[in-house]
Amino acid sequence: MKEKPDTLEQAVLTEYKYGFVTDIDTDVIAKGLSENTIRLISSKKNEPEWMLDWRLKAYNHWLKLEEPKWSNVKYPIINYQDIIYYAAPKPKKQLNSLDEADPELLATFEKLGISLNEQKRLTGVAVDVVMDSVSIATSFKEQLSEIGVIFCSISEAIQLHPELVKKYLGSVVPMTDNYFAALNSAVFTDGSFCFIPKGVRCPMELSTYFRINTENAGQFERTLIIAEDESYVSYLEGCTAPMRDENQLHAAVVELVAHTKAEIKYSTVQNWYPGDKNGLGGIYNFVTKRGMCKGDHSKISWTQVETGSAITWKYPSVILKGDHSIGEFYSVAFTNNHQQADTGTKMIHLGKNTRSRIVSKGISAGHSQNSYRGLVRASKQATNARNYSQCDSLLLGDKCGAHTFPYIEVKNKTAIVEHEATTSKIGEDQLFYCKQRGIDAETAVALIVNGFAKEVMNQLPMEFAVEAQKLLAISMEGSVG
Amino acid sequence: MNNITYFKDQFEQLQEANPKGTIADLRKHGFDAFTKDGVPTYRDEDWKYTNVSSLFDKEYQMAENSEITLTDVNAIRLPGYKQANELVFLNGRFIPNLSTIRSGSTDLIVLPLEEAAKGEYKDIVAAHLNQSSNYLNDGIHALNTSFIDGGVFVHVLKGKEPEHPVYCYHILDARQNPALAQPRSLILVDESSKLQLTESYTTLGTEDSFNNQVIEVVVKENAYMEYYKIQNDAANANQVSSTHIRQIGRSYVHTVTITLNGGIVRNNMNLVLDAAGNETHLYGLYLLKGKSHADNHTLIDNLKPNCFSNQLYKGIADDTSTAVFNGRIMVQPDAQKTNAYQSNKNILLSENATINTKPQLEIFADDVKCSHGCTIGQLDEEAMFYLKARGIPKESAEVLLLQAFAADIVDQIKPEPLRSYVSKLIYEHLAIQ
C-alpha cells in the first residue's frame, strides 16, 4: 500500500472542504452563562413567561450537576463561561421563502453542496436551516400546512403552538436527564419543530441543516418531532461547521414522540469540523437524542452517518413503551486523525412484543478512537421482547482504536437478546483481489469500506445516501497506507 | 459501618506483630488504599451490577478461636484426593498440619507466604506479589492486601511436571460468628513446568460467610497450567474471588469456573498476556437458583503480539437469581496479530431472574481478529417438543436440555474424577426443583 507516497501525502493534507466562514452580520451576545444570559436569550426570542421559567429551572438544575466522566473520550475541560450562547445572523426578520434570505447565506449553503434551491426543485425536500442558533428559513411551509403538518423552528412553535410545545417539550428527554441535556434546556436557542397530525403521511422528506458559523459559539438546538396516530414522517438532519482553531461546543437535544401506529424515521449526516490532522480544533458534539414509541405498533428508526466532530458523544435511543413497537438504530461512525467517537444507542423494552435492531459500523483510522456503547434492556413486563445487535469495527492503521461496550440487561424470561461484535482490519485477500484487477489501494479501500457500511447506507433516503457515501470517501482520504 | 473500626484495629494489631518486610509494606499500602477508596458501590463501573457493599453490614470475625479437625476436612475432599496435594485453608489461613503434600520437594515447593518472603524466594515474592493491584484497584482488593497473613506460596520447579495435582480447600468457620476470610496465594509455574490447580469452598455452620480471595499466578515460558474453581457453597456464603494470572513467557493456560450455589459471588478472572504467542482458554458455567447472585468478570489484556484467547461462559438463571457477565478484552498497541474470541450464552428460566451481560472490546492495534457474541434466550422449543413427543416428561426434558447446555463447559474439565464429580453436582442441582 506504500507505492504512491506522494498522492497519499497529498490526500492526507486534504483539508476540510466545508471550512469557510460566511461573512454575515451576526447578532452576538457576550460570552458567559448566568441567569441573565438565559433571560437575555429568552427576551431576544420574545418568549412567554412559562418558557423562561422552564429554562431557569433547567439552569438551576444544571448548576447542581457534574460533567459526566464515564465516556471513552478525552478532552480539555470546557469553560462554560467562555462560550457565546446566542448568535443569530442579521437581519432577523421572518422569511417566507428562500428568495428573501441573505444571498451570502444562500451562497454558503451552495458551497456546502446542499443548495436549497436545487433541493427544492429536484427533490422537493422541505428544509429548515439553522445557522448558529437561529432558524433561517423553512421551505415548503405552505404546502405542508395545507395537510396539517406543522414544520417550523422551535421558537416559532413556542409562539404559535405553545400548547403542543408545553405538552411535549421535555417529555422524552427531561431537563434533568443529564448534564448536557440540562444545559441545552437552559440555553437552547433554536431548532426544528415538527408535528404530523393523525393519519397523515408526510409527502416529503423534512430536513434541517445545521451550521455553526460564529467563532466561540456554542450551538444548542432543540428538535421536537411528534407523530400522531397512524402518521409517518421521514426527517433528515445535516450538520457542518467552518474551520476554527478553537473547539466549539454543540449540545443538542432531539425528542421524538410516536403515537399509535405512527412511524418516525430520523436520519443524520453529521459532518461537523473534525479538527485538523494534529487534533487541533473541531466540534465537541454532545447530543442527547431519544425517541419514545408511546403508542402500540409505533416505530422509530434512527440512522446516522457520523464522519465529523472532534468528539462525538451521542446515543440515539428508543423507549419502546407501546406494545408491538419497534426501535431501530443504524449507524456508521468514521473517525480519522485525532477524532474520538463514543456513540451507540439504548433500546429500552417496556411494552410487550417489542422489537429492536441495532446495526453499528465503526471505522477508525489515523490516531482516532471509536467506541460503540449501547444498552439493551428488557424490563420485567416486556414479554417476548426481541433484540438483535451487531457491531462491527474496521481498523485502518495501527495507531487507532476500536472499542465496544454493550450493556445487556434482561429481566424477562421470554425475551431473546442477541449481540455480536467483530473487530478486524481490511482483509488482505480483499485488497489483493481489487489490486489484481487494477484498482489502486485507495480506491480499493474506499470500495471495501463502502461495502462494509452498506447495510446502514441502505437505510438512508436516496439523495442523502449519495451524499453520505461521498462524505465517507472524503473523510477517508489519506487514511490508507 | 462499624466494620471499618474493626478492620483498623485488626490491621494495627497485625502490623504490630509483624512490622517489617515486603509483606508488611504491602499491607500498609493496601490499607491506605482501602481507607481511601472504601468498598465499591454500584456507582463504580466495575461493580455496577453487584452490590458488594451490602456484605459489609455484617460484623465479621477474622480467624479467631477457630479450630477444625481432620474429620471436617475429610467431609469436603474432592474426588481424586488420594493422588493430590491437598492444601487446607481455614478462614483464609493456610494450615500446614492439615495439608498433605504428596509431591517431592524437587518438583513442588509449598511454603507459608511469610516464610517465602524472607528466605530464598524473597526476590520472587517481592517481584510478583500484588502485581494484581495494577488491574484490580478497588477497595475490596485493597482490603485483601491489607490482611496478607497466613497465605501460601506454591512453586512448580523448572522443568517439572508433578504427577499430583494441587487441591485447595477453603474452609470458613461460621459456626459461631459470621466469618470473613481473606486468603492470599502466590503461585509460580516455572519454565517448562506443569500445574493443575483446583479450588473449592466450604462454609461450616449457618452464619454468613464472606471469602475475599486473591490468588496470583505467574506462568513462565513453555509452562502449562490448568485451573479449576468449583463454587458450591451455602446460600449465605459470599465471595469475591480474584484470580490474576500473568503469562510472562509463551505458555498455555486453561481455566474453568463452575458456580452452582452461593450468596453473592463475584469472580474476577484476569489474564495478562505479557509474552508473544500465549494461548489462553477461559470457560465458565453458572447455574443459579434461589437468590444467588453470580458475577463473572473476565479480563484479557493482550500486551504482546500473536496471542490467542478463547472464552466461553454459559449460564442459567432461575428463581430470583441474578447472573452478571462482564468480559473485557484489551488489545494494546503492540499486540498485533491478536486473536481473541468471546462468547456468553444465557438462559432465563424464571420471571424474576435477571441477566446482565456486558462484553467489552478495547482495541488499540489494527492487525487483530476479535469477536464477541452473547445471547439471552430460552430453551429451544423444537428440542423440547422432540423430547416430549417421545414420552419424556417436561421436567426431565428440561433437565436433559439444560444438562446438554452445561456440557460444553463441563467437558472442558480435563481430569476425569473432577469432571464426573461436577457433572453429578450439576445433575443434582438441576433435578431438584
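How many residues of chain B are in contact with how many residues of chain A?

A: In this predicted model, 31 residues of chain B are in contact with 29 residues of chain A. On the side of chain B that touches chain A, strand 19 (354-363) and strand 20 (369-377) each supply at least two residues, and strand 19 of chain B gives the most, with 10 residues. Sorted by class, that side of chain B consists of 13 nonpolar, 11 polar and 7 charged residues.

Strand pairing also runs across the two chains: strand 24 of chain A, residues 416-425, pairs with strand 20 of chain B in the antiparallel sense, over 8 bridges. Within this pairing, Glu420(A) has Gly373(B), in strand 20 of chain B, as its bridge partner.

As for confidence, chain A has a mean pLDDT of 80, with 78% of its residues reaching 70 or more. Over residues 1-13 of chain A, however, pLDDT stays under 50, and the model has 12 contacts for them beyond four places in sequence. Residues 115-124 of chain A likewise have a pLDDT below 50, and this stretch has 15 contacts in the model beyond near neighbours in sequence.

Turning to other strands of chain B, strand 14 (residues 279-288) is mostly covered, since 8 of its 10 residues are buried. Strand 14 of chain B runs parallel to strand 12 (residues 252-261) of chain B, to which 8 bridges join it, and in this pairing Val253(B) has Thr280(B) of strand 14 as its bridge partner. Strand 14 of chain B is also joined to strand 16 (residues 308-317) of chain B, again in parallel, by 10 bridges; here His281(B) stands opposite Asn310(B) of strand 16.

Among the residues that make the contact are Leu26(B), Phe31(B) and Phe34(B) from helix 2 of chain B, together with Ala142(B) and Leu143(B) from helix 6 of chain B. Taken by class, the residues of this contact between helix 2 and helix 6 of chain B divide into 6 nonpolar, 5 polar and 2 charged.

Technical notes:
Residues numbered from 1 in each chain as written. Chains lettered and ligands numbered in written order. Predicted model: local features only at pLDDT ≥ 70, side-chain atom pairs only at ≥ 80, totals over all residues. pLDDT = per-residue confidence, 0-100. Contact = placed C-beta atoms within 7 Å. Buried ≥ 20, exposed ≤ 12 C-beta atoms within 10 Å, placed from the backbone. Helix = DSSP H or I, 4+ residues; strand = E, 2+ residues; numbered from the N terminus. Pairing = 2+ DSSP bridges. Nonpolar A, V, L, I, M, F, W, Y, C, P; charged D, E, K, R; others polar.
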